[in-house]
Amino acid sequence: MSAPVPPPDPAAAPPPVPPASPAPEPRYGPGPAAAQAPIRILLADDHALVRRGVRLILEREPDLEVVAEAGDGAEAIEAARRQDIDLAVLDIAMPRMTGLQATRALATLKPGLRILMLTMHDNEQYLFQALKAGACGYVLKSVADRDLVAACRAAMRDEPFLYPGAVTALIRNYLDRVRHGEENADQLLTPREEEVLKLVAEGHSSKDIADILVISIKTVHRHRANLLQKLGLRDRLELTRYAIRAGLIEP
């Protein structure tokens, strides 16, 4: 007969609690790509062989998954309505509805959707129209095996992706507008607005800024409202990020 089990000693230390499981990695953030949910992609091109080739390029990567295909822009919109997708990769020249038309419609239908143009056209006009329509990247089919995967990942990080010739075209277009007086070649902000922006980004209150610049609090508020409107920003945090990018304060 076995000896009786003694009752637990109330003064004894409690058994160790196993450590909690680590929180899951955020999607598209740092960490092994295979450990994250894959990026769900809609692929639209009117040539089935092209779609097949592009799909092979994308699905070699563990973090990319083509969940829907379409043969033209109208089909792409219908697929986007049915499927939960993160990214659309669209050809420009397609029947019924072009990739540019589909981009405009998708940007309205799903504002958070990222859109890449995949095209054979190394054409400045198409490039500018694509960016204006809401695309966040422009990839040439001739180098898709080199650039497309990187473009998909950049899009999901909210980073634009342009091939080198496109960057040159954008710079040339900007300089042409400057020469024709369509752009301010000096500064978007006035010197006083720049001063206010720097102080806001450094964390000063409106009263502090008014005292430092010897202006009224009402004037500070007006300058801040002008800054938000001119730069298309929403709050102090975004103003601070802009100030860092503009080199007004250290990150």
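**A sheet, its helices and a helix trio**

Hi everyone, let's start with helix α5, residues 144–156, which lies across β1, β2, β3, β4, β5 (137–140) and β6 and runs at about 165 degrees to β4. Helices (H or I, at least four residues) and strands (E, at least two) are DSSP runs, numbered from the N terminus. Axes are lines fitted to C-alpha atoms, for helices over the stretch in contact, and angles run from 0 to 180 degrees between N-to-C directions.

Some housekeeping: this is a predicted model, where local features need pLDDT of at least 70 and side-chain atom pairs count only at pLDDT 80 or more, while totals for chains, interfaces and linings use all residues. Residues are numbered from 1 along each chain as its sequence is written, and side-chain values use heavy atoms, with hydrogens and water left out.

Now the sheet. In what order do the six strands come? The order is β2-β1-β3-β4-β5-β6, in an open sheet with parallel pairing; two strands pair if DSSP finds at least two bridges between them. β2 (64–70) and β6 (161–162) are at the edges with a single partner strand each, so one side of each has no neighbour in the sheet. Helix α3, residues 99–109, packs on the sheet too, touching β3 and β4 (114–119).

Inside the sheet, β1 (residues 39–44) and β3 (residues 87–90) run parallel and are joined by four bridges. In that pairing, L43 stands opposite V89 of β3.

Next, please find L116, in strand β4. Is L116 buried or exposed? L116 is buried, with a relative accessible area of 0%; buried means under 20% relative accessible area, exposed over 50%, partly exposed in between (1.4 Å probe, protein chains only). The C-alpha atoms of L116 and V89 are separated by 4.8 Å, although the two residues are 27 residues apart along the chain.

Helix α8, residues 206–213, has S206, I209, A210 and L213 as its buried residues. Seen down the axis of α8, they fall within an arc of 100 degrees, so they line one face of the helix; the arc is that of the directions from the helix axis to the C-beta atoms. These buried residues pack against α7 and α9.

And how do α7 (residues 191–201) and α9 (residues 217–231) pack? Their angle is about 95 degrees, with the axes 10 Å apart. The two helices are therefore roughly perpendicular (under 35 degrees counts as roughly parallel, over 145 as roughly antiparallel, 65 to 115 as roughly perpendicular and the rest as oblique).

Terms used:
Contact means heavy atoms within 4.5 Å.
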